[in-house]
Amino acid sequence: MIDIRNFGIIAHIDAGKTTTTERLLFLSGACRYLGEVDEGTTVTDYLYEERERGITIQSAVAKCSWKGTDFHIIDTPGHVDFMNEVECCLRVLDAAVVVLCGQSGIQAQTENLLHANSMKNKPLIFYINKLDKESADFERVFYELYKQYPVLPLTFPYYEDNKFIGVIDVLSKKLFIQENNEQVCFDVPENAEADFHFYQTLLIDTLTELDDDFFNEVFNGTADEQSIASTLRRLTIQQKINPLYAGSSKKNAGVALLADGIKNYFPSPDDIADNKANPDVFCFKYVLHQELGRLRLIKVNKNITLKSGMNLYCAGTGETVAINKMYTPFGSLLEEESEIGEGQIAVIEEEKNNTKTSSDLYIHYDEAVNAENSDTANQHPIIFLRIEPETPENREKMLAAGKCLQQEDSTLFFQEDSDTGEIILGGMGELHLEIFRDRLEHLYKIKTRAGRPSVIPKLIPKKSAVKTEVSSFTIQGTEIQASLSLEFDFVTADFDNELRTDNLECIVESVNCTLSQAENILQSLLSNGKEHEFVNTKVTILDFSTSASLVSAGLYCSVFSRLASKIIRELEVTTLYPQMQLEIFVKPEYTGNINGEISARHGTICDISRIEPFDKIIAYAPMEELFGFATRLRSLSSGQGAFSMKLSGYAARNI
């Protein structure tokens with residue numbers, strides 16, 4: 001058996017992902033000190049920008065060993081702007097720990113992450129963190145989860161005089177208290193017996209209902225702690241249940257039991273079904289190392305061993321890449337290895353001057369594989385700004401540096417406009433673009449100036465229509481008349497001024513057209529992301545004709561393109577702008593101020609609920625109205641407000 005657990009830590013921002021990762025590393029002995037996010041001393045948040053802001057921006061890998069089992073942990077970002085990082089990691093992880101705040105419960109980004117995981121079909125363990133905080137409520141968050149997911153509490157918090165003391169383990173029937181970094185256990189206190197029996201009964205009833213073998217063991221009186229544990233493992237891997245743990249990572253309470261759950265219930269590489277479509281070796285991410293340059297994060301999927309000097313075949317380009325060196329990552333630290341085996345996550349240093357992209361799949365030698373596109377591979381940036389170096393002589397240096405950073409993150413847009421010479425930067429949000437500029441300054445010593453961010457709208461036809469354009473062209477001294485008829489329609493018949501973000505595509509059908517390149521030309525004209533992009537639009541070529549035969553396909557393409565461009569320019573369209581869902585937490589005395597600010601930004605308040613000691617506000621507003629909202633929120637709430645937002649769709653402007 002390959003005794004490895006490859007898993008990620010995923011959560012909404014500020015739920016405690018990185019702190020939980022640091023405690024796992026410390027308790028396992030992989031780290032001699034307790035890394036703190038607030039002090040900038042963590043292993044996995046090692047970028048300057050991460051330590052300055054106290055948030056995770058870039059996924060980082062760290063390896064440790066827990067009771068003889070190797071843990072490969074990936075700490076992922078929680079901010080929605082960096083969802084691409086999480087998507088990339090979910091493709092190679094075997095499972096994930098979902099961290100929730102004991103005060104806030106399921107938050108906006110939590111739902112995004114759980115949806116992304118449902119697409120990847122990975123086993124989950126839930127961990128309710130920060131239960132030492134004022135007004136934290138394990139039961140409320142548990143029932144909030146229970147409505148949507150098959151969660152099964154294996155530990156729960158114990159309080160005395162409203163003070164968090166430790167956690168009670170349902171399987172061992174013990175109370176665990178953390179004292180001086182040591183876990184001390186006691187019998188279940190008398191005042192916690194009722195809660196213990198409730199969770200114990202829920203555990204046994206759930207397992208007997210879901211597993212026939214365990215039902216027979218209970219019926220025959222042979223069920224014991226070991227059979228419960230083996231059943232939990234089987235059902236977790238089958239994704240019929242999600243074990244739920246309680247604790248406070250900051251206080252180091254409950255984390256050791258969480259680590260036991262990861263070891264006992266998460267799958268090893270042996271438990272993962274051998275999917276022949278998977279590459280032997282999968283490159284899932286680039287990282288830029290200050291000394292070694294561009295490195296690749298990889299996972300070895302199948303029963304092979306990689307060694308330095310070995311060649312890897314790239315299915316995306318047909319090229320062969322030679323492995324120069326291999327490393328086991330521990331945050332920013334790299335330990336060189338002579339070989340990497342099945343199930344391991346590692347870093348490879350390759351031959352220099354390699355130009356392949358982060359979406360390439362790697363397989364061993366010359367086997368074939370069908371490349372699976374990442375969910376975020378085709379995501380387009382939703383905000384743009386014009387950027388230039390403060391010192392003009394740094395222009396070429398900035399262009400080169402920007403391209404390097406773009407290789408790490410496929411959702412960044414960084415390009416020089418060939419017509420105007422302006423440099424355009426695009427991304428998934430304001431923070432995304434701020435981080436890019438900060439990294440240019442601190443990694444490459446290039447300070448920049450930038451304009452105000454702007455959003456790129458989407459377009460749809462106002463109504464179904466057939467448009468015909470007839471024009472005359474003089475070609476090689478001969479006047480030729482050409483005609484093009486296009487029919488425009490919606491892809492979805494029930495369109496109601498809202499747009500699903502998972503259906504941003506343009507469908508083109510060609511009918512009775514001799515021009516083989518027509519569809520490519522239309523796709524290009526309709527998906528000009530820098531200026532506009534048609535979505536949910538179906539275009540049918542009804543007719544394309546010329547009064548005389550043209551001498552080359554190139555001339556046909558030119559005539560077709562000019563006619564189609566004119567039709568599209570004159571088409572009546574509805575312009576759709578990105579709409580954001582806001583989730584805001586503020587003290588009740590500031591709620592009125594925040595509501596007024598949202599209204600001033602043409603937003604709509606949908607719900608206000610009390611989660612002591614905060615009000616939770618759910619609102620919707622146009623993204624272009626939310627630039628600078630973070631700064632304004634801090635001012636209006638005396639620095640005590642927090643918010644997150646996610647793209648909810650596109651809608652016509654109603655201002």
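Where do the axes of helix H1 and helix H9 stand relative to each other, and at what angle do they cross?

1. **Helices H1 and H9.** The axes of H1 (residues 17–27) and H9 (residues 255–265) come within 10 Å and cross at roughly 85 degrees. That angle makes H1 roughly perpendicular to H9. From H1, the residues taking part are Thr-20, Arg-23, Leu-24 and Leu-27, and they meet Val-255, Ala-256, Leu-258, Ala-259 and Ile-262 of H9. Sorted by class, this contact has seven nonpolar residues, one polar and one charged.

2. **The chain as a whole.** You will find 15 helices and 36 strands in the chain. Of its 655 residues, 53% count as buried. Looking at contacts between residues at least 6 apart in sequence, 71% join residues at least 24 apart.

3. **Confidence.** The average pLDDT of the chain is 85, and 89% of the residues score at least 70. Over residues 364–378, however, the pLDDT is below 50; this stretch still has 30 contacts in the model beyond near neighbours in sequence. Residues 509–513 also stay under 50, and here the model has 12 contacts beyond four places in sequence. A friendly word of caution on both stretches: where pLDDT is low, the predicted coordinates should not be read in detail.

4. **Helix H3.** How many of the residues of helix H3 are buried? Eight of the eight residues in H3 (residues 83–90) are, so this helix is largely enclosed by the rest of the structure. The buried residues are Met-83, Asn-84, Glu-85, Val-86, Glu-87, Cys-88, Cys-89 and Leu-90.

5. **A four-stranded sheet.** Strands E7, E8, E9 and E10 form an open sheet in the order E7-E8-E9-E10, with antiparallel pairing. Its edge strands are E7 (155–160) and E10 (182–187), each of which pairs on one side only. On average, neighbouring strands of this sheet are turned by 40 degrees against each other, direction ignored. Between E7 and E8 (residues 163–169), which run antiparallel, there are six bridges. If you want a residue pair to look at, Tyr-159 stands opposite Phe-164 in E8.

6. **The E22–E23 hairpin.** Strand E22 (residues 413–416) and strand E23 (residues 423–427) run antiparallel and are joined by four bridges. Here Gln-415 stands opposite Ile-424 in E23. The two strands form a hairpin with six residues between them, and Gly-421 in the turn has a positive phi of about 80 degrees.

7. **Lys-130.** This residue is not a glycine, yet Lys-130 has a positive phi of about 60 degrees. As background, most residues other than glycine have a negative phi, and most peptide bonds are trans. Lys-130 sits in the loop between strand E5 (124–129) and helix H5 (138–146). Its relative accessible area is 23%, so Lys-130 counts as partly exposed.

8. Is Asn-595 buried or exposed? This residue lies in helix H14 (residues 591–600). With a relative accessible area of 19%, Asn-595 is buried, because the cut-off for buried is under 20%. Leaving aside neighbours within four places in sequence, Asn-595 is in contact with Ile-605, Ile-608 and Ile-617.

In the loop between H14 and E34 lies His-602, a residue other than glycine with a positive phi near 60 degrees. His-602 is partly exposed, its relative accessible area being 38%.

Further along, a cis peptide bond joins Glu-612 and Pro-613, with omega about 0 degrees. Pro-613 is found in the loop between strand E34 (604–611) and strand E35 (614–622).

Definitions and conventions. Residues numbered from 1 in each chain as written. Predicted model: local features only at pLDDT ≥ 70, side-chain atom pairs only at ≥ 80, totals over all residues. Heavy atoms only, no water. Buried < 20%, exposed > 50% of the residue type's maximum accessible area, 1.4 Å probe, protein only. Contact = heavy atoms within 4.5 Å. Pairing = 2+ DSSP bridges. Axes fitted to C-alpha atoms, helices over the stretch in contact; angles between N-to-C directions. Parallel < 35°, antiparallel > 145°, perpendicular 65-115°, else oblique. Nonpolar A, V, L, I, M, F, W, Y, C, P; charged D, E, K, R; others polar. pLDDT = per-residue confidence, 0-100.
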